[in-house]
Structure formats: structure tokens, C-alpha cells
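Thank you for passing the model on for comment. My remarks are set out below as numbered points, to be read alongside the sequence and the structure.

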Amino acid sequence: MVQLTGPKSIKCAVFISGAGSNLKSLIQFSKRKNSPISIELIISDNSKAKGLKFGKIFKISSKVFNYKNRLIAEKKIISEIKKKKIKIICLAGFMRVLSKDFLKSFKGKILNIHPSLLPKYKGLNTHHRAISNNEKYSGCTVHFVNSKLDSGKIILQKKVKITKSETAKSLAKKILVQEHKLYPKAIKEVFNL
Ligand code: GRF
């Protein structure tokens, strides 16, 4: 469990690659009274990530890193994170795998959200695979990040029913609505609130 050190909120960085709807919900959560986090930094590997607009809208410092060389990108990210005294990292649709060295630098302080009921359907195309396997339920999971893909300790999960006419698109939409509630809830859980 991450301990709150005082009345101040914990500085958080959010990593994105795409639309950033989870980033938006985390920003809204951070702005609530008594929120345990303040989002100080948005990091992306993709200069075209739509979610970067939330940095502009909410005036949060955003940085894009070129991932042609992961080692160099991560070195720069670590330096930025240390400069800003970031204490917790939330991955939100970040499409890169973090190196073991990066994970070591922030051990137990990196969270991720995944659109399935882990340990089922790690990796990509989760909705399509869940529907093809005739699952009755899918959902989303917030977990700590370790060196194996989508395998760290689970913090919270939310189940979502798969209907008969479900498509990967409709399921993704339904699950995303739950993701936006689950991530803030999981952060509260991490801080024992
Ligand atoms: C979400 O479904 C998240 O679970 C997955 O990638 C998607 C990101 O969506 N890791 P958004 O960029 O937060 O809208």
C-alpha cells in the first residue's frame, strides 16, 4: 500500500497512447475535493494521441517521447518524472511495454487498467476474444504493473455482462464506461481511503 505522507496530494503521471478517456476521468477525479492525487504530468509515445488535448484543456504539462529507442526514451522519461517529483504512475492505454529497469525505478508505484477480467485475456483484442469464446461476462481490471504483461497484483475489477448481440465495439464502449469509474476507485483503494 502507498502511504500518504501528509495533507498534500500525491503527484501522479499518466501515460497514454490514444484517446485518453481514462486520462480525462483521472483528471476529473484529481480535481475533486480531498482527492489523493494531483496529475502533474502526461506522457505519450505518440504525438498524435488524441488524449494530449486534455493536457491543453486542463493546463497539465504534457511530453511526447520518441520511442524509436526505448532505452533513450525511458531515460528521458525517468529524468522528467524525477524532476517533477512524481510518486505514482498510471498507465491508461499506454501501448508500450516498460523495461525491467524502468519498473525497478518505480517498484510498486505503477498501475495499469486493462479491459478484461484478468487473468483472462491479457494483451490485445480482448473484446473480440471474449465474444468469440462465448463468455457471458467480461469487464475491466486495475492492477499493479510487474515485468509480465498484464500480470501484476490485481487491485480492483468490475464485471460487465456480454449480451447475445454484442460486438467488440459495443462491448468496448460498455467496459470503458466502467473503466472510468474503476480507475479512481482503485487509486482510493491503493491509498486506503
Ligand atoms: C482502455 O480500454 C484501457 O483499458 C486500455 O486501453 C484503452 C484506453 O482507452 N488499456 P483511453 O485512451 O483511456 O480512452
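This is a predicted model: local features need pLDDT of at least 70, side-chain atom pairs count only at pLDDT 80 or more; totals for chains, interfaces and linings use all residues.

1. Helix α3 spans residues 70-83 and so counts 14 residues; from its first C-alpha to its last it reaches 20 Å, close to the 20 Å expected at 1.5 Å a residue.

2. Which residues of α3 are buried? They are Ala73, Glu74, Ile77, Ile78, Glu80 and Ile81, and because they cover an arc of only 165° around the axis, they are on the same side of α3. An α-helix has 3.6 residues a turn, so residues three or four places apart point the same way. On the face of α3 turned away from that buried side, the exposed residues are Leu71, Lys75, Lys82 and Lys83.

3. As for what covers the buried residues of α3, the cover includes four strands, namely β1 (10-16), β2 (37-44), β3 (62-64) and β4 (88-91), together with the helix α4 (100-105).

4. Both ends of α3 deserve a look. The N-terminal end is capped by Asn69, from which a side-chain oxygen lies 3.0 Å from the backbone nitrogen of Leu71, while after the helix comes Lys85, which has a positive phi, near 55°.

5. Ser99 sits in the loop between β4 and α4 and is buried, with a relative accessible area of 9%. Its side chain makes a polar contact of 2.4 Å with the side chain of Glu74, a residue that is itself among those buried in α3, and the side chain of Ser99 also reaches the backbone nitrogen of Phe102 at 3.1 Å. When neighbours within four places in sequence are left aside, Ser99 is in contact with Arg70 and Glu74.

6. Why does the structure hold zero disulfides? For Cys90, the closest cysteine sulfur is that of Cys12, and at 3.8 Å it is too far for a bond, because a disulfide requires the two sulfur atoms to be within 2.5 Å. For Cys140, the closest cysteine sulfur is that of Cys90, which at 15 Å is again too far for a bond. Both of these cysteines are buried, Cys90 with a relative accessible area of 1% and Cys140 with one of 0%.

7. The ligand is surrounded by Ala19, Gly20, Ser21, Asn22, Gly93, Ile113, His114, Pro115, Leu176 and Glu179. Among these, Ser21 places a polar side-chain atom 2.5 Å from an oxygen atom of the ligand, whereas for Asn22 the atom concerned is a backbone N or O, lying 2.9 Å from a ligand oxygen. A backbone N or O atom of Ala19 likewise lies 3.5 Å from an oxygen atom of the ligand.

8. Lys53 itself lies in helix α2, residues 52-57, and is partly exposed, with a relative accessible area of 42%.

How values were computed. Residues are numbered from 1 along each chain as its sequence is written. Side-chain values use heavy atoms; hydrogens and water are left out. Helices (H or I, at least four residues) and strands (E, at least two) are DSSP runs, numbered from the N terminus. The expected span of a helix is 1.5 Å times one less than its number of residues. Buried means under 20% relative accessible area, exposed over 50%, partly exposed in between (1.4 Å probe, protein chains only). The arc is that of the directions from the helix axis to the C-beta atoms. Contact means heavy atoms within 4.5 Å. A polar contact is a pair of N or O atoms within 3.5 Å; within protein, one must be able to donate a hydrogen and the other to accept it, and residues adjacent in sequence count only if both atoms are side-chain atoms. A residue is near a molecule or strand if one of its heavy atoms lies within 4 Å of it.
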